[in-house]
Amino acid sequence: MNAKAINVAARLESVVGAAHVSGSSESCARFGVDGATPSVVVRPASSAEVVEIVSFAKSEKLALIPCGNCTKLGIGTPPARYDVALDMTGLNQIAYYDPGDLTLSVDAGMSLTDLSDALVRQKQFVPLAVPFFEECTVGGTIASNIGSSLRPGYGSARDFLLGAEFVNGAGTFTKSGGRVVKNVTGYDLHKLLIGSLGTLGAITRLNFRTFPLSEGYGHLVSTFSSVDSIAPFQAMVSKSPLAPSSFDVLGSEAAQTVAEFKDDRDSPLPSWFTRGEWHVCVGFEGTETVLRRYSSELVHCAQQCGASSYHLLWESDQKSIRVELRELIKLLSRSGPAATIFKINSFPGFSADVATLDTLPSRFSIPSCVFASSSGPLYFALQPDDLNDQTINSLAQIASSVFEYAAAHNGSASILFCPLALKRVINIWGPARNDYALMRRVKSAFDPENVFAPGRFVAGI
Amino acid sequence: MHVDCKGDASLTIVGKEATYLLAENTARKPLHREVIRGLQNIVGASMVLHRPEDLLLYEYDGSVEKGRPGAVVFPMTTQEVSQVVRLAAQHDVPVIGRGAGTGLSGGALARTGGIMIVFARMNRILELDLENQRAVVQPGVVNYELTRAVEPAGLYFAPDPSSQKSCTIGGNVAENAGGPHTLAYGVTSNHVTALELVLPDGEICRVGSRHGDSMGYDLAGLFVGSEGTLALVTEITVKLLRKPESVKTLLAIFDRVDDASETVAEITARAITPAACEMLDGWTLRAVEDFIHAGFPLDSAAVLLIELEGMVEAVTAQVAAVEEVCAEHHAREVRVARDEQERELLWKGRKNAFGALGRIAPSNYVLDGVIPRSKIPQALRYIQQIGERYNFKIGNIFHAGDGNLHPTVLFDPRDAGQYQRAIEASAEIIRYCVEIGGALTGEHGVGMEKNELMPLLYSDDDFDLMRRIHDAFNPQSALNPGKIFPLNKGCGEITPRAQAAVRAVPL
C-alpha cells in the first residue's frame, strides 16, 4: 500500500474496525474489475457505516465500487477510477419477513441461497432463478439485472421489487417504495437501481414480493432439427391457455455447450439433449391435474410442430434441467479465455435471421451458440479457443454485425461478458442512444461527485 | 376548497415551488394575449380555449381540488405538444398535461394556472403488434377502448381502474393507475415498456423499448407514476395479456366483518392467488344494492368479491380452496356467478360503489392507504373504532387482496364541526396505515391531495434525492407545479394539510 492507501485504510478502520478493512494484495485482487484493483477493501456491517464510508469517499474524491460476491464484476466497461471496494456481504440478514403478506425485506449482501433456504421453510420463494445462484448476493443480482429463467411466468425484478434502501453518492441514506404490494407514493427510484451496476449508490436493503412454491413441477424438452419449427411452436403455446413459467430455446450448439462446460467435464450430454439439434425447454408448475394437462398439451403442440423427439422431465431430472438452464450464462462465461456473450434486447423472433446470426462466427472458426427465453432477450455466446489479437479482431467484427442485427430488429445489444482486450477496442454498449443524455441526468442527481463506479456504465457513466 | 396554512408566519416554503404557491394565493392574471396567439398559431384557433366560461370545465378533476388554467389546448401531434411547451418556456408559464380528468388526487389540475394540454385528440392506437403482445398508443386513448380493439385476438390491457371506460392511458401512465385486477397482474408500470416524452424545454425523447429490456437505467420505470412532474408523455408502448381460459367470480357473504377480513388474510397466507379480491362492508353494499341491484344480500355484514382466473383445472382447484377458507371463517354462503351476466352485475356493483355512497351522504372522503395484507383484520377494527370515536359512518370498499384500503368517511361539509372531524379522522387512519408498515397511496397518486402528508413516509434525505431527480428533468417546475412534494414544512403535522385532501362528492 502506498501512503495514500494507508491513510484511507486507517480512516476506514475507524469506521468499521480494523478486522473489516484489508489492503492485502490478495483481497484487493479478488475485488479487481477489468484489470483495475482497489487499494483497500472495506466491509461495513450496517447502513450507518456505509453512510460514513461514502461520505468519506466523497470528501476525499475516492472512487467506490459496491460488490457482493464478485461473480458479475466482469459486466460493464473498465472503471475510470477505482480506489475502494465496498464489500457489502457484511449486511446479510433478513430484516423483515411476513409470510402471511408474502413480502420480504432483505439486506443486499445476503446470499441468494441463504435467502432461498429461509423462504423454502415457508414454502415460498423470490423468482430470481439467475446464473451464479449458488455464489451470488441479492444486491448483486439486482444491480446487474442478470436474466432469470422464470421471467415468462413471474416477470423480471422490476415487477416484484417493492422498494429499496440505499446510500446515494451524496452520502445520504435514502429509501424508495415500500414493503406493500401496491404503492404509488412518490417516484419509483428503486427501479433505477435495477441493472445500474453500482453507479447510483450502494444498495443496503431490498424489499420483495414473495411467491408460493407450487405443488409440483415439470419440464418438456422437445427437439427440433431446424429453427423454422421454433416460431410456430412458440406461437402455438402462447395462444393456448397454458402459461408456462419458463420457456427456453437453445440453438443447435447450446446443449452441447452445457455438457462440455459443466463443472464435471466428463459428464455426458444429458439424455434429454441431442447433439446438433435445436431444443425448446418449457417449464410448468401446479397441482397434479394441472401438470397432467400441461404435459399432454405441450406434447401435442411439439408433435404438431414437427418435433423430432421430446422428453418429459419430473422430479430429479426436472430439477437438474432447471439448474442447467439457470446456469447457462455462467457456464458460457467461464467456457474459455475469450468467452464472449452478447445480450440482444429484442423479441427473439426465431427464424432464419437467428440462424444466420448463429452461423456468423463460423466464418472465423469460432464456436458459438444462441439461446433465449420466449419473452427475450436473445443471448449469443462465442467460445474462441484462444485469446490473441486475431481472436479480438474477429470478435470485434462479429460485434459490429450483432449491433447491426439488433438495430434491424427494433432492439439494442450489449456485451455481457467478454475479454478485457475486446473492451479496449470496441464499446460493449453498442452505438450511442438518444436517451443517454437523460441517463446522465439521473446519474448526477444520485451521485453528483461521481463517487460510485465511475466509467462502468453506458454513456460514459 | 383548498385550505392551507399559508397565513402561518412560521411557514417555510422551499424551492421554486414557492413562487408558484404564492402565485396561487394572489389574483391570477390571465395569460398574455401574445401567449394565446402563439398557441392558436400552433394548434389552430378552434383548438385553444381561453375565455373564463370555456375554462370552467377544466378547473376540476375527480378530486375536490380546483385550479383554473389560463388556457386549454388540444394538440394533435407530438410536434405540437413540443411547440406548446417551448412557447410556455419562453413566457415562463407552467404546463399541465391532462387526459380525461378522472384522477382522484388533483394530478391533472392547473394548481397555479398556466397552459393545460388536453390529450383528447391524440387518441389513436398507432400500432398493434399482436404476435409480440404489444400496442403503441397515443396518450388520449381511453383505457377500455384498447381492450376492445384487441379483444377479437383474445388479448386485453390489464390495468382496470374503476374509471376505465373514460380514463385515458396517458393518465394511467402519469398516475401509475391500478384497479381490482392489479392483484394478479400488477399496476400500470408493469405493463409499460416504452414512452415518447416531451421534456420541459420541448425536446422529444424516447425511453425504454418495445421489448421491455433496454440499455442503461430503467427510465420508463421512473417516468411512469411521476404524475406529469418530469415530462409529458406523448406515446406509450404497452403489453397486452392473453385472456384466461376460465374465470370464476365468487360472492362470499359474511355476518361479521372480522370473518371477512380474516378470510382475506388467510387466502393470502395459504398462497391462493386470486386475480381480484374485493371487499364491501354491509353499510356500503346496502347503498350499492339500492342503486345498482347487483344482488348483494342486504342483511350481511360484509361480502368478498373474489375472482379466480387461469386454466380450468387450476381455477377449479382454487375455487374449492377459497370455498374451504370461507367456510372455516363462517361465511353464511358462497355464491358462484353462473354466467357472464351475473358476473358483470357483481362487478357493476363494485365499480359504482363510490357513486352509490355519494347518494346517501352529502359528502364523502375516499382514502387510499395500503397496508400489509396480514394486518387487514386489525386495520378494519381500527377504522371501526375511529368511526365510533368521531361519530361517522366510514364505509369500507376496497382491494382487499392487495391490502389497498379505501375507507370512505361520510360527512356533511356544511357543518363546520363535522368537516373538521372528518379531516382529523382521515388523518388518523392514514397515519395508522403508515405505522403498521403501509403507504399513503396505493393507486390514486399523491398530486395536490396528499403531498403534505408525504413526510409521514419520507425523510428529508429521501425528499432531497426525489427533488434532485425532479430538478434533473424539470428544473424550473414548469411541468405540473405544486404536486407530489410538500410545499411547506411549518404546518404542525397533519391537520391543516389533510384539509386539502377532503373530497366532497356533491349530491
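**Pairing of strands S16 and S19 in chain A.** In this predicted model, strand S16 (residues 340-345) of chain A pairs with S19(A) in the antiparallel sense over five bridges, where strands are DSSP runs of E with at least two residues, numbered from the N terminus, and pairing requires that DSSP finds at least two bridges between them. A:Ile341 stands opposite A:Phe417 of S19(A).

Eight strands of chain A form an open sheet in the order S15-S12-S14-S13-S17-S18-S16-S19, with antiparallel pairing. Its edge strands, each pairing on one side only, are S15 (309-313) and S19 (412-417) of chain A, and neighbouring strands are turned by 20° against each other on average, direction ignored. Helix H9 (residues 230-239) of chain A packs on the sheet and touches S12 (216-224), S13 (246-250) and S14 (278-286) of chain A, its direction making about 15° with that of S14(A); contact means C-beta atoms, placed from the backbone, within 7 Å.

**Crossing of helices H9 and H11 in chain B.** The axes of H9 (residues 257-269) and H11 (residues 312-328) of chain B, lines fitted to C-alpha atoms over the stretch in contact, come within 9 Å and cross at roughly 140°. That makes H9(B) oblique to H11(B). B:Thr263, B:Glu266 and B:Ile267 in H9(B) meet B:Val322, B:Val325 and B:Cys326 in H11(B).

Residues are numbered from 1 along each chain as its sequence is written, chains being lettered from A and ligands numbered from 1 in the order in which they are written. Local features need pLDDT of at least 70 and side-chain atom pairs count only at pLDDT 80 or more, whereas totals for chains, interfaces and linings use all residues.

Conventions: Helix = DSSP H or I, 4+ residues; strand = E, 2+ residues; numbered from the N terminus. Axes fitted to C-alpha atoms, helices over the stretch in contact; angles between N-to-C directions. Contact = placed C-beta atoms within 7 Å. Parallel < 35°, antiparallel > 145°, perpendicular 65-115°, else oblique.
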